[in-house]
Amino acid sequence: MHDIRVVRADPAGFDAAMARRGLAPVAPTLLILDEACRRAQALREGALAKRNALSKEIGQALKQNDFALVDHLKKHVEEVSEHARNEDPDQYLRAIRQNLESLPNILDPEVPEGRDESANIVLHQHGEPPRLDFTPKQHFELGEALGLMDFAAAAKLAGSRFTVLKGALARLERALGQWMLTLHTEQHGYTEVSPPLLVNEATIYGVGQLPKFAEDLFRTTDGRWLIPTAEAPLTNLAAGEILAEAGLPQRYTALTPCFRSEAGSAGRDTRGMLRQHQFQKVELVSITRPSDSDAEHERMTRCAERVLTELGLVWRRVFLCAGDTGFSAARTYDLEVWLPGQGAWREISSCSNCRDFQARRMNARYRPAEGKGTSFVHTLNGSGVAVGRALIAVLETHQQADGSILVPEVLRPWMGGAERIAR
């Protein structure tokens, strides 16, 4: 959410920032509404001041028993009150807010220029894609051959973009989530949270999912929303709060189901588990002082990278360009994992610094230890990581020529000591 004062101070700069997102100039419209709003406010305040002055005159006339003057002044008060009612700055405030809430965050200057993912920049890579002496299979081929991944059953139960996992693969999915959660809480300093999976509109609005992305979400008949990620409830723990500076940063993690309509992905990734209506994810959220958010972004990304390294995966960090950066983010690093079966890099985690964009929508502030007043916090979020995609990566990376899967060493304690998954 943007501050109209920023637009007012530098309209050309604001439009230049939106142009990086591919948007047409918006400052002229906003400034017209802002001027109309301030004019209406001034007229209403003038009318109210006049009404108060007339009320005092009525009091003086009553003391003097001048009832003719009282009647005259009362008529004047009615006219002034009607004038005050007709001046409605709130209509302009609502229009300004509707315009501002539809606009994405301002990108950091370092974000690469570009219209789509082809302009993203690879910052570094861990490992090299393996050269296998057999033709690798995709995860759904492996899972179906093992008899442990059933898409037909899922379609019967719920329709497309769902999966039924059985036996060792169901346990492997559970192991991945539990291991990640334990890693982040015991070694990375995150506090585990078990949040609601159904949240109210204010919670979804606070992280920037509403009103722009309503079609990507699932809504219940009573007006609640299924969370698309635990980012929504975790970040909103700070909503409406004034936090003590000494208590920052706050770091939260949660393992939850996530629900997405995938409204814009018709025809994409229709086979397998890559793009599902329901999936598990370990989310990371940080709430920091503005001066700490850059370092926190790097820290959060390294926490997610460690997950991939310990699973024995080949991965790389990518700096997203302007056209590929999400609505609420000022900058984003994607982590992509190499999938041998696909022969392609696929995103498995996004770590974003949202600066104060979400905090303004949520009214989340902190009180500096020195100085007066309050300031907005900075919020960050990242996948630590998506469990379903981690399962895909483990299957494809650790597949053997006979179709069995080697279990990464870090997961074996969670798998009852099993070293291999075979039919």
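Pro211 sits in the loop that runs between α9 (201–206) and β6 (225–226). The peptide bond joining Leu210 to Pro211 is cis, and its omega is about 5°. The structure is a predicted model.

- Val385 belongs to strand β15 (residues 378–386).

**Positive phi angles**
- Arg161 is not a glycine, yet its phi is positive, near 65°.
- The loop between α7 (151–158) and β3 (164–165) contains Arg161.
- Arg161 counts as buried because its relative accessibility is 13%, and the cut-off for buried is under 20%.
- Asn363, also not a glycine, has a positive phi of about 55°.
- Asn363 lies in the loop between α12 (357–362) and β13 (365–367).
- With a relative accessible area of 34%, Asn363 is partly exposed.

- Helix α8 covers residues 167–186, which is 20 residues.
- From its first C-alpha to its last, α8 reaches 28 Å, close to the 28 Å expected at 1.5 Å a residue.
- Buried residues of α8 include Leu169, Leu172, Trp179 and His184.
- The axes of α8 and helix α13 (residues 387–397) come within 10 Å and cross at roughly 115°.
- The crossing of α8 past α13 is right-handed.
- On the α8 side, the contact is made by Leu169, Leu172, Glu173, Leu176, Gly177 and Met180; on the α13 side, by Val387, Ala390, Leu391, Val394 and Leu395.
- By type, the residues of this contact are nine nonpolar, one polar and one charged.

**A buried aspartate**
- Asp34 is part of helix α3 (residues 27–63).
- Asp34 has a relative accessibility of 3%, so it counts as buried.
- Leaving aside residues up to four places away in sequence, Asp34 touches Ile4, Arg8 and Ile96.

**Cysteines**
- A disulfide is a covalent bond between the sulfur atoms of two cysteines.
- A search of the whole structure finds zero disulfides.
- For Cys321, the closest cysteine sulfur is in Cys354, 17 Å away, which is too far for a bond.
- Cys354 is likewise in no disulfide, and the nearest cysteine sulfur to it, that of Cys351, is 11 Å away.
- The cut-off for a disulfide is a pair of cysteine sulfur atoms within 2.5 Å.
- Cys321 counts as buried at 0% relative accessibility, and Cys354 counts as buried at 1%.

Note on methods. Residues numbered from 1 in each chain as written. Predicted model: local features only at pLDDT ≥ 70, side-chain atom pairs only at ≥ 80, totals over all residues. Heavy atoms only, no water. Buried < 20%, exposed > 50% of the residue type's maximum accessible area, 1.4 Å probe, protein only. Helix = DSSP H or I, 4+ residues; strand = E, 2+ residues; numbered from the N terminus. Expected span 1.5 Å × (residues − 1). Axes fitted to C-alpha atoms, helices over the stretch in contact; angles between N-to-C directions. Left-handed = near helix turned anticlockwise from the far one by under 90°. Contact = heavy atoms within 4.5 Å. Nonpolar A, V, L, I, M, F, W, Y, C, P; charged D, E, K, R; others polar.
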